[in-house]
There are 2 protein chains.
Amino acid sequence: MATDTRDRILETTAGLLQHRGFHGTSLNEILAESGAPRGSLYYYFPGGKEQLALEATARAIEEITRILEELMSDGSDPAGAVRSYVEAAAAQLRESGFTFGCPVAPIVLDLGPEAGALAQVCRDAFADWQRTLREGFVRAGIAERRAASLAVTVVSAIEGALLLARAARSTEPLQAIAGELGTLIDGALAR
Amino acid sequence: MATDTRDRILETTAGLLQHRGFHGTSLNEILAESGAPRGSLYYYFPGGKEQLALEATARAIEEITRILEELMSDGSDPAGAVRSYVEAAAAQLRESGFTFGCPVAPIVLDLGPEAGALAQVCRDAFADWQRTLREGFVRAGIAERRAASLAVTVVSAIEGALLLARAARSTEPLQAIAGELGTLIDGALAR
């Protein structure tokens, strides 16, 4: 029950951050939407909005990292793994009414260079996702240097396509990049 | 002089939107940073923050569209044109201390589906940039369907790499995607 409340507060926070960004999300809205008593919010998250945003974002990032690692683990078909990831992201975006994209993007764009722990979590997430992809590409036989630049391109294209898809309220941009990224990765493998 | 004040207000608005998103930008900050008298702000922008954000974003979008159109106009080297665009974006990001990326991205992520004119301007911008690229690719000899999916991928990768670059405070992600996008476009031309 206690954990339920904590979880519900974090889920509500994650949703609001995706809908409205860091500055657009208020503690009052988190309370109203989660239905949690004010006391429990301060009990679980004495650090307030910063702590809530940090924990909600870290949790969403972990889930993405876990899925990426699983998909890239065997290294037999990295293009297929990337396509599967993009399909899953497209499904999540569609099911959320085109509001749930990447948990990191709205934080990065809302926070200036002065931001501390939250900005660090976002930097680490982008770095972790790139490393997971790069290692998968290397296991599949792509040279380290090319694998690194492919990894940057895959993360970038997915981040950007999530933005385009959200603006257009359509998953077509994600389908388009899935095809092109597949071509790029298969081309690197054929060398 | 009058136009100077109007311009200064719009430039300040554009900067704040990039730094802190739509919800994080307030009229008071726009006044303080631009040094414009409150009266002139309401005189030029009776629609308040919505109108300011709309005009500042539309102006930044037009500038990008103009540069893209110029680069893609001759169609002899679309990969080179994309690389030049990415280099210009990287220079702007670096010169702004890693705060000035795409004017559209923070608006898209901050506004829900309920947003009206401002959301439409952002949708149109993504569509215009894709059309400009697609037409350039077609002029260079790439089939219409492939040109469309390449255009989505180029816009997506640039948007995403601007995010990664901002988070990492480094232009390396932009350099990486410039190379990969060049490979992809040249591969499509070679068919």
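Where is the place of Gly35(A)? Gly35(A) sits in the loop between helix H2 (27-34) and helix H3 (38-44) of chain A. Everything shown here comes from a predicted model, where local features need pLDDT of at least 70, side-chain atom pairs count only at pLDDT 80 or more, and totals for chains, interfaces and linings use all residues. Residues are numbered from 1 along each chain as its sequence is written, while chains are lettered from A and ligands numbered from 1 in the order in which they are written.

View 1. Gly35(A) counts as exposed, with 10 C-beta neighbours inside 10 Å (exposed means 12 or fewer other C-beta atoms within 10 Å, buried means 20 or more, and partly exposed is in between, with C-beta atoms placed from the backbone). Thr5(A) is 30 residues away along the chain, yet the C-alpha atoms of Thr5(A) and Gly35(A) are separated by 8.8 Å.

**View 2. Chain A by itself.** Chain A has nine helices and zero strands (DSSP runs numbered from the N terminus: H or I of at least four residues for helices, E of at least two for strands). Its C-alpha trace spans about 60 × 35 × 30 Å along the principal axes of chain A. Buried residues make up 47% of the 191 residues in chain A.

**View 3. Where chain A meets chain B.** Here 42 residues of chain A are in contact with 42 residues of chain B (in contact means C-beta atoms, placed from the backbone, within 7 Å). H8(A) gives the most to this side of chain A, with 16 residues. By type, the side of chain A that touches chain B divides into 22 nonpolar, 14 polar and six charged residues (nonpolar: Ala, Val, Leu, Ile, Met, Phe, Trp, Tyr, Cys and Pro; charged: Asp, Glu, Lys and Arg; polar: the others, Gly among them). The copies meet through the same surface, because 100% of the interface residues of chain A are also interface residues in chain B.

**View 4. Ile177 in the core.** Ile177(A) and Ile177(B) touch the most other members of the largest nonpolar core, which has 122 residues (a nonpolar core is a set of buried Ala, Val, Leu, Ile, Met, Phe, Trp, Tyr and Cys residues joined through C-beta atoms within 7 Å).

Note on methods: Two residues are in contact if their C-beta atoms, placed from the backbone, lie within 7 Å.
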